[in-house]
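Here is a short report on how the chains of one model meet. Keep the structure open beside the text.

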Amino acid sequence: MSALNYPRHWKRPPQIIHHPGWRRALSVAAVVYLVLAIGSLEVDWQRVSIGLERGQRFVMGFLQPDFVSRQRDIVSGLSESLTMTLTSTVVGILISIPIGIGAARNLTPRPVYLICRSIIAVSRSLQEIIIAIFLVAMFGFGPFAGFLTLAFATIGFLAKLLADDIEEASSTQLEAIRATGASWWQMINYAVEPQVLPRLIGLSLYRLDINFRESAVIGIVGAGGIGATLNTAIDRYEYDSAGAILLIIIAIVMVSEYVSGLVRKWVQ
Amino acid sequence: MLTIKGLSKTYRTGDSALKNVSLTVPGGQIIGLIGPSGAGKSTLIRCINRLVEPTSGQVLLGDIDLTRLGGAGLRVQRRRIGMIFQEYALVERLTVMENVLSGRLGYVPFWRSWTRRFPGEDIQRAWALLDRVGLMDHANKRADTLSGGQRQRVGIARALAQAPELLLIDEPTASLDPRTSRQIMRLLTELCAERQLPAIVNIHDVPLARQFVQRLIGLRAGEVVFDGPPEALDEAMLTHIYGEEEWQTNAPEEDDAPPAPAMPEARALAS
Amino acid sequence: MNEPQHHSPQHYSQLWQWRTPRTKLLLWAGWLALVALFVWCWQVMTQDTIWMFVQDAPSQAADIGSRMVPPRWSYLPELLKPLWDTLNMATLGTLGGVIMAVPVAFLAARNTTPSVALVRPVALFIIVTSRSINSLIWALLLVAVIGPGLLAGIVAIALRSIGFVAKLLYEAIEETDARQIEAITATGAGRAQVLNYGYLPQLLPAFCGISVFRWDINIRESAILGLVGAGGLGLKLQASLNVLAWPQVTMILLLILGTVVVSEWVSARVRRAII
């Protein structure tokens, strides 16, 4: 077979942006942006090089954590975090269920739907830490403000997913139950609950996990929990205690991820 | 020429898929490998280019023992063996041309394949092959936009782009309709004849195999139970290969040979 | 009407129970335990709470609320540079994180890791560490280590992104079509070539989607990193809170909200274009 008559060249045609001008413009724009962005960084390299030595100490602290010398602070911070996590998740779930049902278009009248959806939107668009700042200003320092923050964030998270789930839930099942002459409550109980419940349990566990991680953060602005302890440890340059706290957080997250994985498998 | 000596494969679960298989494939010969599902057809083919590691035995391509090679040596030898797959196994998000050129990967350094700057001869060869399988106009299309038959042609072109000395063909027609199956089998036999290329075709469809190959090998529970020309494969032998019960319940309506064997296959697939 | 005799209802039990008494009992015990745990946690948590402050909260809220409006629009020009810093922190941090996440993901995926027993657990540990520590905590650490400024923020965002991107990416790697990989391997391609021709085309859409998604999240996160000294809008927020300049706080929050909405829109558009 003679291959000599065939072309010796082939170029891969562009896959996403077909117009060559646009492609060039986009890559130029990307380069210009990177140059500008990196150029506007003001890095004090002297400070960084001093910091590297500190970084080394932190890594050492992480490898040789000190659980003992700040034990009391760690224990009280941890108990605040854990209790805050549990109570806020439970309260959050309890409130998010009616709001989630209210925010499902196929179940509720329009005005209720709009009110519930806007509660969700407010809760979702504000970061936990910003909510915490306000709640600390209103309710004073301590885990109670943290509890309220996490509960509020849970509502936005769970109610949204629950509402989307209900809207996606099979409408034929809904109609079948409605056709038997069931009341609104019976409809929720027989058509919606069985379809949505397993996922709700899974999501609740997932949120429990998130709430614990967040509880480690909101302490920075005074809402109690392990975050406050960590903040103090870092401020005092006690990297071995900080390392210990971080390892505890990682361990708890790992355990809870593992457990919630098991529970989710068991529920579904 | 390919020689297999005493090839065995035992999976970690303890299932033995191949038991002491020996055979020789001379140049230019197309061999059809038949047998029920689970007989070890696919394992045998994959043991030859070591996509599956054989437990013991030898695979000689020319005079090189493939089972003793490691790493780079194995990759150089794999270039000499083209493989065609049941579900085409094209890289779906790449263009047809890239799929054909990927047959040259063993020959080009990494930077060339990364930048898609293949040598001129490779590109010429790829165009020639695309022309031969009738897909010249489709070179710049993404592989997942093609029909089943077209995809299998790309798969054939990719295997031939390797300039192989042996073709391994795993169920080339199992995902195709009867007419396209015939076309693909005809194309394969023509291409092998043009190049004096030996091939092992692992095939479910016994009538199709009879029509197109010169030699059949029957595999049952990992052992070779038949090796001969298609004419020598009689009903008793088919019963022996595919098993007693299924065969006889489907046999009566048969007059000559072809149509019947499809049924036990279907059974075997379903089980 | 013509129902055969044995179908008449009287023959059947009137009792039907969904669950056996035993599982019912267990279920009730479980619920009771949960309620008890909740009450106990509540008591532990609130033992130091000063309820006077809590009662006072509504009037506090009203007070802060009234001070927050109207927002101080004239503050906006001062916020443009911090906004630019925030965007850069998110973008550069995402870039850095994604670059580090790719090798980690390939080491963590069952089908590409060089060693399931040794390398994979290390990669998984990196992922868990990065994921369990919030970017604000990373920033807290880094500000202490390399000093306040954008660099600390960028590194914090990058470190937090590694775990997120690597986790989703390694799940995508484990879901790749093994036959396509097998076919490329059979041509005699080298390891790098198999990655390039077998894995990369299959992963590219997921990879871009994940990166853009993370970028979107990072915009939100970088807006507040300044609270611990890592630069950007958060720095201004912290400064305004310190002097109780509530109208400025409102202005900053509105700007953050606007940025988040825009970035969400961009990320949704890009993801739709890719898939």
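## Basis

This is a predicted model; local features need pLDDT of at least 70, side-chain atom pairs count only at pLDDT 80 or more, and totals for chains, interfaces and linings use all residues. Residues are numbered from 1 along each chain as its sequence is written, chains are lettered from A in the order in which they are written, and side-chain values use heavy atoms, without hydrogens and water.

## Chain C and chain A

Chain C gives 54 residues to the contact and chain A gives 50 (heavy atoms within 4.5 Å). About 4,800 Å² is buried here, 79% of it from carbon and sulfur atoms. Buried area is the accessible area (1.4 Å probe) lost by two parts on being put together, summed over both.

There is 1 salt bridge (a Lys or Arg side-chain nitrogen within 4 Å of an Asp or Glu carboxyl oxygen). It joins A:Glu257 and C:Arg131, at 2.3 Å from N to O. On the chain C side, 40 residues are nonpolar, 9 polar and 5 charged. Nonpolar means Ala, Val, Leu, Ile, Met, Phe, Trp, Tyr, Cys and Pro; charged means Asp, Glu, Lys and Arg; the others, Gly among them, are polar.

## Chain A and chain B

Here the contact takes 12 residues from chain A and 17 from chain B. The two chains bury about 1,400 Å², with 61% on carbon and sulfur atoms.

The interface has 2 salt bridges. One of them pairs B:Glu121 with A:Arg8, whose closest N and O atoms are 3.2 Å apart. The chain A side divides into 7 nonpolar, 2 polar and 3 charged residues.
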